[in-house]
Amino acid sequence: MHRRSALGGAITALATAAAGVLVAAAVSTAPAVAAPAGTGTGYLHTNGNKIVDSTGATVRITGINWFGMETDNKTFHGLWSTNPWRGQIDKMASLGYNTLRVPYSNDALKPGATASGINDFVNPDLVGLSPLQILDKVINYAGGKGMRVILDRHRPTSAGQSALWYTSTVSEATWINDWKMLAQRYAGNTTVIGADLHNEPHAEGTNPAATGACWGCGDPARDWRLAAERAGNAILSVQPNWLIFVEGVSCPSGGLSNVWDNDPSNDEDCGWWGGNLTKAKDFPVRLDVPNRLVYSPHEYATSVFEQNWFKSPDFPANLPGIWDKYWGYLYKQNIAPIMMGEFGSTLADPRDKVWLEKLMAYTGTGVDGMSFTYWSWNPNSGDTGGIALDDWTNINTTKQAILQPYLIAPVGGGGGPTGTPTATPTSSPPPPTGGCTGAYRQVNAWQGGFQGELTVTNTGTATVNPWQVTWTWPAGVSLASGWNATVTQSGTTVTAAAPTWAGALAPGASVTVGFTANGPSAAPGAVKLNGVAC
């Protein structure tokens with residue numbers, strides 16, 4: 001289980017995920033084209049309490065956490081199920097989750113790290129890949145559906161969370177350097193929008209001998225606000241387009257109150273791990289690049305810990321005031337956007353259902369509401385359960401029904417793994433002026449099937465809009481799934497039609513169509529772009 005804490009010196013266990021810093025050399029990943037609506041266009045930035053896209057349009061993140069990469073498996077949980085990894089992302093998108101928050105740990109990103117817990121019959125295309133290579137695939141597929149990705153440094157190691165952003169084995173320098181590496185790895189890929197710097201900084205030690213994360217105390221070794229500035233500015237020095245997500249602490253002093261001294265005057269007002277941003281107004285995080293800061297509190301219910309406010313006689317009317325105090329004021333006073341990075345419950349206690357309904361109403365409806373990523377997709381989160389049920393296919397309809405009115409689906413989300421068309425074109429795609437080139441790469445092969453990528457470049461002088469790629473396969477080869485396009489097969493001819501959110505192919509631009517197929521490995525033949533041979 002992931003450790004999470006509570007108020008007034010109480011600490012409790014909870015299932016959460018991820019931590020990590022980067023290791024591995026930068027790789028070339030094809031930039032995903034973000035949807036023109038839903039999650040906006042291009043990179044995101046802030047404007048007052050809003051998150052906006054490159055055109056200035058307001059974007060609301062309504063996402064979900066998919067954890068596992070911070071654990072000993074070093075990759076997403078649920079890859080052991082009978083639901084393929086793409087099928088799980090398809091389901092998330094179809095439900096209206098437009099962003100993935102991905103927890104990770106340093107251990108998953110070290111050279112030589114290996115992923116485990118993968119059903120290689122269901123996910124043959126993941127066999128032999130490193131944790132980072134699996135992450136690359138998830139990012140590119142999610143981006144193709146119009147989703148965004150937030151990376152969450154959840155744990156320094158897979159052993160557990162830490163109160164501070166560094167430990168005796170993972171230094172601050174490692175934390176920062178790995179974040180810079182991660183920012184460089186996905187440079188230019190607008191699917192990846194930012195860094196959640198460290199998950200759930202919290203108090204340790206009893207005051208006055210505090211050893212945990214404080215806010216505004218001025219001690220460089222413990223002041224989370226100062227550390228967030230150091231890491232955030234280091235990231236922005238190599239990737240100025242990212243959002244920097246900064247969580248709160250639990251107790252601003254960084255230590256737990258001595259509840260046995262019978263002196264209530266020095267009993268500090270604490271909150272959830274990562275959930276206390278009461279000092280952020282007086283001690284704001286200062287970044288070198290303006291309009292990049294998003295505060296990201298965590299908020300939980302009684303299934304995680306029985307906070308005092310859940311036992312108050314005025315519950316649930318007291319909840320908005322609690323949220324105002326700890327983090328909501330930042331949004332209401334137009335200081336900065338709020339992106340609630342984690343919140344969830346089993347809903348086993350009737351109060352928790354009331355809590356979740358009140359919390360969602362507090363965030364507001366429509367695109368102007370506060371952003372959030374629900375904890376979690378995973379059913380194996382010990383204190384909260386998930387949106388997915390134990391089969392990783394069906395969903396918890398009670399939870400989903402409460403969240404549904406607040407979700408803003410990604411444009412293009414919800415298509416099946418074969419990319420079933422939502423409409424039939426009324427006319428043939430226009431031919432390009434000039435020509436094209438095609439390059440094929442076989443990614444993987446197994447008994448009875450294979451995976452490949454076909455990259456087609458428009459070498460003409462005019463934009464092709466919409467584009468359409470066709471190729472032929474020998475008899476006996478059949479399409480299993482496709483992505484980055486609407487991929488279908490008729491006889492021996494395969495057609496990859498442009499998705500609605502990325503229909504144009506400019507001169508010199510390329511598109512990579514991925515697929516898995518049944519039958520003997522075979523390279524695409526007679527490749528054409530809108531009817532012109534490549």
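How many of the eight residues of strand 8 (residues 148-155) are buried? I looked this up in a predicted model. Eight of the eight are buried, so strand 8 is largely enclosed by the rest of the structure.

**Entry 1: the neighbours of strand 8**

I then checked the pairing partners of strand 8. Strand 7 (residues 99-105) pairs with strand 8 in the parallel sense, over seven bridges.

I looked up an open sheet of five strands and wrote down its order, 20-21-18-23-24, with antiparallel pairing. Which strands are the edge strands? They are strand 20 (486-490) and strand 24 (532-533), and each pairs on one side only. I followed strand 20 to strand 21 (residues 493-497) and found five bridges in the antiparallel sense. Ser490 stands opposite Thr493 in strand 21.

**Entry 2: aromatic rings**

I turned to the rings and noted a count of 25 aromatic pairs. One of them is Trp85 with Tyr141, an edge-to-face pair at 5.6 Å centre to centre, with 70 degrees between the planes. Trp85 is in helix 1 (residues 85-95) and Tyr141 in helix 3 (residues 131-144), so I recorded a link between distant parts of the chain, 56 residues apart. Are these two residues buried or exposed? Both Trp85 and Tyr141 are buried.

I looked next at Trp309 and Tyr326. Their ring centres are 5.7 Å apart and their planes stand at 50 degrees, so this pair is tilted. Trp309 lies in the loop between strand 12 (298-300) and helix 6 (319-332), while Tyr326 lies in helix 6, so the pair ties together parts that are 17 residues apart in sequence. Both Trp309 and Tyr326 are buried.

I came back to Tyr141 for its ring face: Arg86 lies over it, at 5.7 Å from the ring centre. Last, I noted a cluster in which ring pairs link Tyr440, Phe450, Trp471, Trp473 and Phe515.

Key:
Residues are numbered from 1 along each chain as its sequence is written. This is a predicted model: local features need pLDDT of at least 70, side-chain atom pairs count only at pLDDT 80 or more; totals for chains, interfaces and linings use all residues. Side-chain values use heavy atoms; hydrogens and water are left out. Rings of Phe, Tyr and Trp (its six-membered ring) pair if their centres lie within 6.5 Å; planes under 30 degrees apart count as stacked, over 60 as edge-to-face and the rest as tilted. Helices (H or I, at least four residues) and strands (E, at least two) are DSSP runs, numbered from the N terminus. Buried means under 20% relative accessible area, exposed over 50%, partly exposed in between (1.4 Å probe, protein chains only). A charge sits over a ring if NZ of Lys or CZ of Arg is within 6 Å of the ring centre and within 35 degrees of the ring normal. Two strands pair if DSSP finds at least two bridges between them.
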